[in-house]
2 protein chains.
Amino acid sequence: MRIGELAARTGLSKDTIRFYEKNGLVAGERLANGYRDFAPEAVSWLHYVRTAQALGFSLAEIARTGEQLRDAPDSAAALSKLFEEKIRVVDARMAELAALREELDARVGSGCPLRAAAP
Amino acid sequence: MRIGELAARTGLSKDTIRFYEKNGLVAGERLANGYRDFAPEAVSWLHYVRTAQALGFSLAEIARTGEQLRDAPDSAAALSKLFEEKIRVVDARMAELAALREELDARVGSGCPLRAAAP
DNA sequence: CTAAACAGTGGAGTACGGTCCAAGGTCAAG
DNA sequence: CTTGACCTTGGACCGTACTCCACTGTTTAG
């Protein structure tokens, strides 16, 4: 698939996809005419990229995950390990959020304004 | 307290605190000699700022929260409403993380590499 | 054959969130 | 009265993640 279709299917701009390719976040083959040619898998991969990014992972981190996926091509065990690692990171982030939530929760009704030195 | 102490107590650099003040994230009075003078509350407020930021809130969003806190000075009800709102945002973010977690979880053991078009 | 729709490149510009630096003012200790 | 720690400002610079632009090449439909 060419860049326009990938853009339409992922909701990203063509520029963003070119930027991602330049930065090793997505692999692009080339057609004879020089146009980029993406595998159908790129769609779900890019959806994953956006999700992970929205949750606070940097493009560099995500690219590293991609590399690791490539470097452990067929070993289910290696992939599972990688996913389990990611899950631990996600769990840690959720725990932090839960802590913040509790902090907020404790103040509901108490009227204590976070002891804010707000502007 | 002057900027050096606030920096030491929050783990932020002085430059960062000046940057925050310039952007309305923290209030600084001035001493007669021009030095910034921060209330002790600034310490916990800045801790909150860093927590919220680490969890994906932009400084602009956080500054807005600060303003709202200031603008609803003593109304426990208004503050509670504000905190409840924040909690909803946090809950939404946690739900997203849970979804990502599940997505990852489903792939553990399956060996399916996210159908990655990795570089 | 031409026009429109698509693709390519390089480079500049933007927003955010800092970080660093130079030049200088203030203040307490010795 | 100087030294050193502390503070001030303005402005340059950085990394991340795009976004836009001008100019050029390719393909398809009428």
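Reader: Which residues have the most contacts inside the largest nonpolar core?

Author: This is a predicted model. Its largest nonpolar core has 41 residues. Those with the most contacts inside this core are A:Val26 and B:Val26.

Reader: Which element gives the largest share of this core?

Author: In chain A, α2, α3, α4 and α5 (76-107) each supply at least two residues of the core. The largest share is seven residues, and the element that supplies it is α5(B).

Reader: How far does helix α3 of chain A reach from its first C-alpha to its last?

Author: Helix α3 of chain A covers residues 41-54, which is 14 residues. At 1.5 Å a residue, 20 Å is expected. The reach in the model is close to that, at 20 Å.

Reader: Within what arc do the buried residues of α3(A) fall, seen down the axis?

Author: The buried residues of α3(A) are A:Ala42, A:Trp45, A:Leu46, A:Val49 and A:Ala52. An α-helix has 3.6 residues a turn, so residues three or four places apart point the same way. The buried residues of α3(A) line one face of the helix, because seen down its axis they fall within an arc of 125°.

Reader: Which residue with a positive phi follows α3(A)?

Author: The phi in question is near 105°. The residue that has it, after α3(A), is A:Gly56.

Reader: How many charged residues does the surface near DNA strand C have?

Author: Of the 18 residues around DNA strand C, A:Arg2, A:Gly4, A:Arg36, B:Asn33 and B:Leu59 come nearest. At least two residues each come from α1 (3-10) and α2 (14-22) of chain A, and from α2 (14-22) and α4 (59-71) of chain B. By class, this surface has five nonpolar and seven polar residues, and the number of charged ones is six.

Reader: Which elements give two or more residues to the surface near DNA strand D?

Author: DNA strand D is surrounded by 18 residues, and the closest are A:Asn33, A:Ser58, A:Leu59, B:Gly4 and B:Arg36. The elements that give two or more are α2 and α4 (59-71) of chain A, with α1 (3-10) and α2 of chain B.

Note on methods
Residues numbered from 1 in each chain as written. Chains lettered and ligands numbered in written order. Predicted model: local features only at pLDDT ≥ 70, side-chain atom pairs only at ≥ 80, totals over all residues. Near = placed C-beta within 6 Å. Helix = DSSP H or I, 4+ residues; strand = E, 2+ residues; numbered from the N terminus. Nonpolar A, V, L, I, M, F, W, Y, C, P; charged D, E, K, R; others polar. Expected span 1.5 Å × (residues − 1). Buried ≥ 20, exposed ≤ 12 C-beta atoms within 10 Å, placed from the backbone. Arc of directions from axis to C-beta. Core = buried A, V, L, I, M, F, W, Y, C linked by C-beta atoms within 7 Å.
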